[in-house]
Structures are given as C-alpha cells and as structure tokens.
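Open the model in your viewer and keep the selection panel at hand. The tour has two stops.

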Amino acid sequence: MAGDAPRKKAAPRKKPAAPGAPGNPAPLALYRKYRPASFAEVKGQEHVTEPLQQALRNGRVNHAYLFSGPRGCGKTSSARILARSLNCEQGPTPDPCGVCASCVALAPSGPGSIDVIEIDAASHGGVDDARDLRERAFYAPVSGRFKIYIIDEAHMVTSGGFNALLKLVEEPPPHLKFVFATTEPEKVIPTIRSRTHHYPFRLVPPAVLRELLEQILGTEGVSYEPAVLPLVVKAGAGSVRDSLSVLDQLLAGAGPEGLTYDRTVTLLGYSDDSLLDEMVDALASGDGAAVFGTVDRAVEGGHDPRRFAADLLDRLRDLIILAAVPGAGHSGLLDAPADRLERMAEQAGRFGQAELTRAAEIVSEGLIQMRGTTSPRLLLELMCAQVLLPAASTGEKALLARLERLEHQLAGGLRGQVEPASLPTRSPDVPGGTARQEGPGSPARSAPPGRAVPRADEAPRGEAEIQLREGPPARAGQQADSDARHEPATAPAAHADPGQQRGAAPLDADTLRERWPDILDTVRSERKVAWMLLNSASVQELRNGLLTIAFPSEGNARGFAASGHDQVLIGALAAMLGLNVRVRAVAGGPAAAGSRPVSSGGHGPAGGDLQHPPADAPPVQAGPAPGREGAGPSSAGRQGPDPVPSGPSAPGTSAPGTSTP
Ligand SMILES: Nc1ncnc2c1ncn2[C@@H]1O[C@H](COP(=O)(O)OP(=O)(O)OP(=O)(O)O)[C@@H](O)[C@H]1O
Ligand SMILES: [Mg+2]
Ligand SMILES: [Zn+2]
C-alpha cells in the first residue's frame, strides 16, 4: 500500500531456515507432532490438570471422568495422558515414567494399547456400539492395570447408547475407567453426567498460546517476526489446535525469510496495523480527510469493511485498556511487541478514555448493523463520521468526549482544529454518500475519482454528523440523501458569518444572522434533519414578515420546504425571539455563484410551487448519475441500498491528494 508509514520490523530471532526443505516426506501436522505427552505439557489448563494430578498422587481416582470444553484445547490429549498415567508401571502416577512398555505404547506417537480403547462417538454412538462395549467391559485388561474407555465426542452418543451404558458407568468393574470428552457437556444425559467427575477445559489465554507458539517455532528452527504471533493467536481464538493449524499453513507458505508480518496479514485477511494506525491517528486528531482516505485505501486495498471495523474495534479495545492500565503491555493484558505498545500508548493518550469508549461503542454498534448489509463501506464511513463528531450528539458520552477534546486542546494539543461546536462553517458533507453528493449546479465540478474523501479544507470535523442521529446509519444515509442533497463545494461558504454581525437587536436579518447558531441549536433539538439542512443555509432577507433562507442548492431548498422542516424553524424563531414570520426557502446562498432563487416555498409542505432547476443544472431527482454504474470497484461498496439522487460524479479509485496518508 503506497503511502503507508514505514513499519519497523522486528529483527528475526533465529537465523533464516527454510522450513520443510524439499525432499522431506510430508511433515506431520503441527498439532499432531506437538500433542502433549504429559499433564505438564497441556498448556493453559492448570485448573484441570493440577487437581487431576493431585488425585492421581492421592490414589483417589474416580471411575468416570467428563472432560468438557471448546475444541482443540486438550480434552482428548488429557484423556490419553490420564490413561497413560493410570497404566504406567510406576503408576498410577501424575508423571508417567515414559519408558515402560505401557508409557511407550501410549505416547502420542506410540502404537496405542489394547487396554485403552478410544471410541469416536460420532461414528460409534449408537445402542449397538454401547452394548458391544458393555460386553467387552468385563474382560480384564490384557497388559495394563486398567481398561480405559475414552469416549470422544461424547455428545454424539445417542440417548439409547447412553442408557445402555448407564449401568456400566454407575458400577463398573474395578478395572474399568471411563473418560468422556465433549465440547457439549449439556448433551451428555444427566444420569451419566452425575456419575462422572466433571473437568471443564477452557480456551487457552493469548499469552500462553503465544508462548507455546514461540516454543514450537523455536523447535522447528523457523525465523519469524514477533508481530506475527499475535496474529496467529488471534486467528486461533484460544484453540490450540486451530492456532497450530494456522501456524502450519503459514509455515507451509513461508520462504527462506521465515514468517513475515506482511504475508501473515494478507494471508489471514487482517487489517494492516499501519492502516489501523492511520485510522486511529486520524480519528484522534479529528482529521476527516485522513479518516475517509484511510477507509478508501482499506477498501481499495481489498480489505473487507467488516473486517476492518472489527479490527478497528480490537484496536480501540487495546487503547482503552492502555488508557486505563498504562502498564498493560508488561502485565500481559495486551499482547503486542514493544514498539507497537509505545505507538498505541501514544494513541491512547491522544484519544482520551471517554472518547475511546465512545468510539468503541459506535464501532461495536456499527458492526452489528453491518451484518448482512449490502453496503458495509457506507456503514464504516458513517461510523467514522460519528466518531469524528461528538458535537453532533447531546449524549453524556459525547459531552464527555467534547470536554476531553477541549482539555486536550487546552493542554496544547490543539492541532489547528476548530471545535465542531464552534465551527462557523457548517458543512453537511456526508461521507457515506459523497459519491452521490455532487449536487445540481456543479456539473463542471465533477469529483475526482473516488472522492470519498472530504477535502481537508472542508472542515472535516464539521461534516457528516447530521443524518447519523436520525436512526440506524443505513437508513440515515438514505434519508440524508433524499432529504438533503448537499452541495459540498458550495456548502462551506454558504454561511452567514456570525462574527460580522455584532449589534443590538431590532429583529432584522442581521440579528437573525447573529442568533443563527443558537437558532440552529434549537432546531437541532427539535429535528436533526431540519438542522442538517439549515446548517448549509443562511439568512438572506427578512422583509414584511417573510424570512428568506438561502440554500446552496435547489434540492436542499426544496427538501427543506417540502418536508415541513420550515415549520421547525418557524417554531424555533417564535420560541426564541418571539418572531412570527413565514419562511421561504430559496437556492443560491451567498456561496453559490450569485443568488439564484429557484424555489419559493412558503410555510408548510409547499413543494408545489417550487421551480424546476435551470436547464443547465442536472435534475435533482435524477437517477444514478452517468458514470456511476460500474465506475470502479469502490463505487459498488459505496452505494447505499437504494439508488439515490445524484449529480454527475465519478466515484472510482482513490484520488491522489484527497487522502492524507
Ligand atoms: N492445552 C493444550 N496444550 C498444548 N497443546 C494443546 C492443548 N490443547 C490442544 N493442543 C494441541 O491441539 C491438538 C488437539 O488437542 P486435543 O485433541 O486434545 O483437543 P480436544 O480438546 O480434544 O479438541 P476436540 O474438541 O476438537 O476434540 C493437540 O494435539 C495439541 O497439539
Ligand atoms: Mg478431542
Ligand atoms: Zn511408565
């Protein structure tokens, strides 16, 4: 990915060694090669293995055990180790000698013992199998001390099968031991379960997994970048077998340089740390251009927006922990190389806890909404917009986040950013829909390809907040599109400058302009969409009880009048200023090239007398703009579920200069 910050690579630990040199016979899968041979080698299950060993030491061995837990975390292995411990010539012992005939036979690579019978209940769980087992149970063991039945995948035993075994499990002959292993203990009928000692296995914690992986890589003599390990651990999700399988796959594809971070990230489909870094940095500094640029590059780079969001959430989680527990990296709460920890600590510091929590909540909610959506990119962008804009929400968390930002700014962290709340320019650019936001009146200003990225000079923090509060993002996005066809190019300038209008207060246009921010606040508390529309509008004239509001585009003006939003404004004016006026919405704010009143809505849903746009402007309600269909891979991801009005735009590849690396 061009533009990525150079990532420091940790030096390989071992000398490069080509794994699996040609000519070797097909190697055993790692998870078979490294099956634990003793309880000490069963990692992360000490809560089970220690009491078991103690029981062996005390000679208090039960006749039936139930090992339950997630897949690939050592149940079958432990059952075999238990069998080995029971039948060792020195046993029963917690530490099988490993050299006696029984130990050799029952070693992970050994041939097995006739007295230790493993039954795969998935294929042998029926009544007949159980009866057969029952009959054979009374024969004494051939060579060992005990006859041991390991009933694997015990949840697959039919209820008939269980019932056939019931008597046997309850009162087995003294030489008989049972070990049931299952991922679903609740499917083992209670009458059996209550006759067993139940040992619940757990997922293996990341730090333990990581250690095991390091150990195995060391034994294998493979070089690797340490940053690979957290990825494997994450992919394994606590299952040792899954982690080893992943590692196996990585080793199979590794070149002489061993395991590299880059290759691992691509192979496992994770989001590159550098992309996440950029995203987090951009969010922390409120740099909308960089945020949407990163989304663009992630998607262009083939990342699934959902995966990216999930990884972002993971990162936020790490930052939250770092913010709360500065030493988390060393105490094992976080699993990341030292240089990463440093970087993340710095990010956490810039974000602040309240803002981090809020961001994580937004992303987490967004992820839920992303399930099954057809436009995950849109949702991702909306999420980002929400994170960028605590000002758009009056919730407690958002207020906290704003406070935190102010504190940061006071502490010298002001990076040339203007707090959204005080932005004189209220640009309702909508990131999720930028591709279709080229409003009428700007045919010449066709967007650079893939203009998913607001320009840096568009006051990124002020953007995009509006429709987000109106409901679930997907809907909100559509709503924003249909209710408000903003004109990003003209919007930023289309505002009265409150600073210019100082003066006392006869109720004229100037006064209104001065009070405009307050008026907007009141409108916002009433109806977000109305506020959103008004954000890009300005007071043009107040004469004879008729207030003329200029919008940057005809679509906005019409949207404002047609949906009764003007009533909200009228209400606000009456409540705040005691003003009783009619409102007229026109297109062509001060920012547009010359006032161009194309609509004149009175109060109420008065779309009827709206004029049509001039011939040189594209129709407001046009279908997909020419060039949108198939304009590029990114356009598909960016489209909302429905076709939306659009001006000429050309979404496509990332526009150089619009994204800030
Ligand atoms: N706790 C562990 N410590 C070390 N290695 C483990 C552990 N758990 C699993 N493994 C590795 O995973 C492989 C499979 O483990 P095992 O068969 O014991 O899992 P299981 O819990 O029985 O899984 P399943 O529920 O899928 O049958 C082992 O050969 C070993 O390489
Ligand atoms: Mg198993
Ligand atoms: Zn032995």
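What spacing do the donors of the zinc ion (ligand 3) follow along the chain? They follow C-x8-C-x2-C-x2-C.

This is a predicted model, where local features need pLDDT of at least 70, side-chain atom pairs count only at pLDDT 80 or more, and totals for chains, interfaces and linings use all residues. Residues are numbered from 1 along each chain as written, chains are lettered from A and ligands numbered from 1 in written order, and side-chain values use heavy atoms, without hydrogens and water.

**Stop 1: the zinc ion**

Select ligand 3. The zinc ion is coordinated by the SG atoms of C88, C97, C100 and C103, at 2.1 to 2.3 Å. Donors here are N, O and S atoms within 2.8 Å of the metal (3.2 Å for Na, K and Ca); water is not among the atoms, so sites may look incomplete. The 4 donor atoms around the zinc ion subtend angles of 101 to 121°, which makes the arrangement tetrahedral (four donors, all angles between 85 and 135 degrees).

Now pick out C88 and C100. C88 is buried, at 0% relative accessible area. C100 is buried too, at 6%. Buried means under 20% relative accessible area (1.4 Å probe, protein chains only).

**Stop 2: a helix pair**

Select α14 (residues 305-324) and α16 (residues 353-370). Helices are DSSP runs (H or I, at least four residues), numbered from the N terminus. The two axes come within 9 Å and cross at roughly 155°. α14 and α16 are therefore roughly antiparallel (angles over 145 degrees).

Show side chains next. Among the residues that meet are L312, L313 and L316 in α14, and L356, A360 and V363 in α16.

How values were computed. Tetrahedral: all angles 85-135°; square planar, octahedral: opposite > 155°, others 65-115°. Buried < 20%, exposed > 50% of the residue type's maximum accessible area, 1.4 Å probe, protein only. Axes fitted to C-alpha atoms, helices over the stretch in contact; angles between N-to-C directions. Helix = DSSP H or I, 4+ residues; strand = E, 2+ residues; numbered from the N terminus. Parallel < 35°, antiparallel > 145°, perpendicular 65-115°, else oblique. Contact = heavy atoms within 4.5 Å.
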